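Subject: Handing over the structure

Hi,

Here is the structure I promised to pass on.

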Amino acid sequence: MNATPDPNVPRHVAIVMDGNGRWARRRGQPRSFGHRAGQKAVREAVEFCLRRHVEALTLFAFSSENWRRPDDEVGALMELFLRALDREVEELHGNGVRVRFVGELAAFAEGIRTRMHAAMEKTRGNTALALNVCVNYGGRWDIVQAARRAALAVRNGELDAEALDEANIAPYFCLADSPPVDLLIRTGGERRISNFLLWQVAYAELYFTDTLWPDVDQAELERALEDYAGRERRFGLTGAQVARAS
Ligand code: IPE
Ligand code: IPE
Ligand code: MG
């Protein structure tokens with residue numbers, strides 16, 4: 001982690017890793033082939049963030065809605081998660097990456113859940129990069145679970161309902177201990193959020209690329225960061241106010 005973060009480098013990058021299916025189809029292969037190929041891009045993204053001292057990387061790996069895909073595709077993805085968990089965690093740990101799985105984990109088979117919890121436990125003390133992998137995650141689910149937990153805190157007398165505001169509900173959202181998302185990247189050409197982070201992207205800069213996820217490499221991520229460095233983040237102020245403050 002940087003003592004004085006470079007304002008041109010986002011502290012928190014979130015990515016909708018899209019386009020695996022189309023990447024495979026273009027090669028006359030089944031969609032699962034594209035998901036397998038996408039793993040290399042995940043490694044590229046982690047390596048990139050470590051090198052550029054990004055503090056947090058949040059990846060959308062499986063949405064609440066992706067369960068509705070054909071059984072064989074969902075099965076192939078689960079198989080892939082299982083194998084990736086066995087294979088990648090050691091290296092991530094060696095690189096000082098703290099891994100966290102974010103979403104409704106109870107829906108996963110026990111073998112996957114056990115490995116997810118073991119990976120989180122093993123890497124919890126690491127500080128080089130916080131890697132949040134969103135699985136069975138939905139932005140609306142996140143809002144509901146935050147509201148539910150806040151409501152329970154009210155019932156237990158830990159929170160005053162009348163005093164509820166943005167600051168004291170914020171800790172109940174997923175990723176509350178990461179900085180706000182600075183840069184949201186979506187690959188694969190679609191320009192939508194698809195129920196990814198909602199609360200957390202309130203002031204994120206958005207970057208869309210037609211590149212399909214398995215083709216993403218260091219150069220592609222570098223382009224996203226260059227684009228980010230050229231943005232003026234005003235947070236509701238005027239350009240003149242921002243210029244005076246910097
Ligand atoms: C993203 O790629 C990976 C997941 C949603 C799991 P897709 O599988 O959505 O690929 P396209 O969009 O069909 O090409
Ligand atoms: C979003 O991609 C989910 C992930 C990347 C995990 P989708 O491919 O599921 O999104 P839609 O269906 O095009 O909106
Ligand atoms: Mg897609």
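Which residues of H5 are buried? They are Gly139, Asp142, Gln145, Ala146, Ala150 and Ala153, where buried means under 20% relative accessible area, exposed over 50% and partly exposed in between, with a 1.4 Å probe and protein chains only. Seen down the axis of H5, these buried residues fall within an arc of 135°, so they line one face of the helix. The arc is taken over the directions from the helix axis to the C-beta atoms.

Before I go on, some housekeeping. This is a predicted model, in which local features need pLDDT of at least 70 and side-chain atom pairs count only at pLDDT 80 or more, while totals for chains, interfaces and linings use all residues. Residues are numbered from 1 along each chain as its sequence is written, chains are lettered from A and ligands numbered from 1 in the order in which they are written, and side-chain values use heavy atoms, with hydrogens and water left out. Helices (H or I, at least four residues) and strands (E, at least two) are DSSP runs, numbered from the N terminus.

Back to H5, then. This helix covers residues 139–155, and its 17 residues should span 24 Å at 1.5 Å a residue, which agrees with the 24 Å between its end C-alpha atoms. The expected span of a helix is 1.5 Å times one less than its number of residues. The exposed residues Arg140 and Arg155 are on the face of H5 turned away from its buried side. Cover for the buried residues of H5 comes from elements including E4 and helix H6 (166–169). After H5 comes Gly157, with a positive phi near 80°.

H7 is the other helix I looked at. Its 12 residues, 218–229, reach 16 Å from first C-alpha to last, close to the 16 Å expected at 1.5 Å a residue. Buried in H7 are Gln218, Glu220, Leu221, Ala224, Leu225 and Tyr228. Looking down the axis of H7, you find its buried residues within an arc of 165°, so they line one face of the helix. They pack against strand E1 (12–16), helix H2 (31–51), E5 and E6. Ala229 also belongs to H7, but it counts as partly exposed, at 35% relative accessibility. Between the C-alpha atoms of Ala229 and Arg22 there are 30 Å in space, and the two are 207 residues apart in sequence.

Now the rings. A search of the whole structure turns up 11 aromatic pairs; rings of Phe, Tyr and Trp (its six-membered ring) pair if their centres lie within 6.5 Å, and planes under 30 degrees apart count as stacked, over 60 as edge-to-face and the rest as tilted. Tyr137 and Phe196 have ring centres 6.3 Å apart and planes at 85°, so this pair is edge-to-face. It links distant parts of the chain, 59 residues apart: Tyr137 is in strand E4 (residues 129–137), and Phe196 is in the loop between strand E5 (183–186) and strand E6 (205–208). Tyr137 is buried, at 0% relative accessibility, and Phe196 is buried at 0% too. Ring pairs join Phe60, Tyr137, Trp141 and Phe196 into a cluster.

Elsewhere, Arg27 lies over the face of Trp23, 3.8 Å from the ring centre. A charge sits over a ring if NZ of Lys or CZ of Arg is within 6 Å of the ring centre and within 35 degrees of the ring normal.

How many disulfides does a search of the whole structure find? The count is 0, with a disulfide taken as a pair of cysteine sulfur atoms within 2.5 Å. Cys134 is in no disulfide, and the nearest cysteine sulfur, that of Cys174, is 7.4 Å away. Cys134 is buried at 0% relative accessibility, and Cys174 is buried with a relative accessible area of 15%. Cys134 is in strand E4. Leaving aside neighbours within four places in sequence, Cys134 is in contact (heavy atoms within 4.5 Å) with Thr58, Leu59, Phe60, Ala61, Phe62, Val102 and Phe196.

Last one: Asn126 is in the loop between helix H4 (110–123) and E4. Asn126 counts as buried, at 17% relative accessibility. Again leaving aside neighbours within four places in sequence, Asn126 is in contact with His93, Gly96, Val97 and Arg98.

Cheers
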